[in-house]
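Have the viewer open as you read.

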Amino acid sequence: MVEAKVKLIGLKSLLFDRYHGNNQAKPEPIEKVYWSRHDEACLPQINLYSSLSAENTKSVAKMFYGKNAKPLSMAVNNWLQIHQEDLILTRNGRPFHRSNFDSDFRIVHHVARLQKGIPNPKVRPLIDAPWECEFDITFNPTPECNWPVMVKMLQQAGMIGLGTYRPLYGTFRVEIEEK
């Protein structure tokens, strides 16, 4: 078993577009950010698991591990424990707080194209790089996924990124300190 502190350091701005459960909803930009119980901007741990192991979207397992993607995804999902449910986003150790939304975030406007070229205007909040988040993990190595492979996968997740419209946004580098 390996225990470690992981720090993600944003190389590109982080773009938010939290889904509200219905495609007709038009939430305000502040509502497109994930907020912790303490009104700190965060990413749910599930977003990092998805970046590592999702089978239905871009993930490290799918993009880098070919035929081994499914067993590797299963190993990550079963044997990697991210201890914090909310991965709090910070800059220089200071969390991005909801009360500072107007000063900490920029609002960007894009036009996505739906089928047949139909324009779909998007208004999204963005945190400029560098941003950071730190969290603790426990990993139980397996024959499918040993500790060096897990470290490499976390680094590769940085190339895919977090948030929406990745990897144009949300890429990061990783620092890992074993306990």
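## Two cis prolines

Pro167 sits in the loop that runs between α5 and β12. In this predicted model, the peptide bond joining Arg166 to Pro167 is cis, with omega at about 10 degrees.

There's another cis bond to look at, the one between Ala129 and Pro130, where omega is about 0 degrees. For that one, go to the loop between β10 (119-127) and β11, which is where Pro130 is found.

## Positive phi without glycine

Asp39 isn't a glycine, yet its phi is positive, near 60 degrees. You'll find Asp39 in the loop between β3 (34-35) and β4, and it is partly exposed, at a relative accessible area of 33%.

Lys116 is another non-glycine with a positive phi, about 65 degrees here. Its place is the loop between β9 (106-113) and β10. Is Lys116 buried or exposed? Lys116 has a relative accessible area of 86%, so it counts as exposed.

## Where α1 meets α5

Two packed helices are described by an angle and a distance between their axes. For α1 (residues 45-53) and α5 (residues 147-160), the angle is about 100 degrees and the axes are 9 Å apart. That makes the two helices roughly perpendicular.

Which residues make the contact? From α1 it's Leu48, Ser51 and Leu52, and from α5 it's Met150, Met153, Leu154, Ala157 and Ile160. Sorted by type, that contact has 7 nonpolar residues, 1 polar and no charged.

## The nonpolar core

The largest nonpolar core holds 42 residues, and Leu52, Leu89 and Met150 have the most contacts inside it. Elements giving two or more residues to this core include β1 (2-10), β4 (41-44), β11 (132-139) and β12 (172-178), along with the helices α1, α3 (69-79) and α5. The largest share, 7 residues, comes from α5.

Leu52 is worth a click. Leaving aside residues up to four places away in sequence, Leu52 touches Ser59, Val60, Ala61, Val76, Leu80, Met150, Met153, Leu154 and Ala157.

In α3, the buried residues are Ala69, Leu72, Ser73, Ala75 and Val76. They all lie on the same side of α3, because they cover an arc of only 160 degrees around the axis. An α-helix has 3.6 residues a turn, so residues three or four places apart point the same way.

What covers the buried residues of α3 includes α1, α2 (60-64), β5 and α5. Over on the other side of α3, Lys70 and Met74 are exposed.

Technical notes. Residues numbered from 1 in each chain as written. Predicted model: local features only at pLDDT ≥ 70, side-chain atom pairs only at ≥ 80, totals over all residues. Heavy atoms only, no water. Axes fitted to C-alpha atoms, helices over the stretch in contact; angles between N-to-C directions. Helix = DSSP H or I, 4+ residues; strand = E, 2+ residues; numbered from the N terminus. Parallel < 35°, antiparallel > 145°, perpendicular 65-115°, else oblique. Contact = heavy atoms within 4.5 Å. Nonpolar A, V, L, I, M, F, W, Y, C, P; charged D, E, K, R; others polar. Core = buried A, V, L, I, M, F, W, Y, C linked by side-chain atoms within 4.5 Å. Buried < 20%, exposed > 50% of the residue type's maximum accessible area, 1.4 Å probe, protein only. Arc of directions from axis to C-beta.
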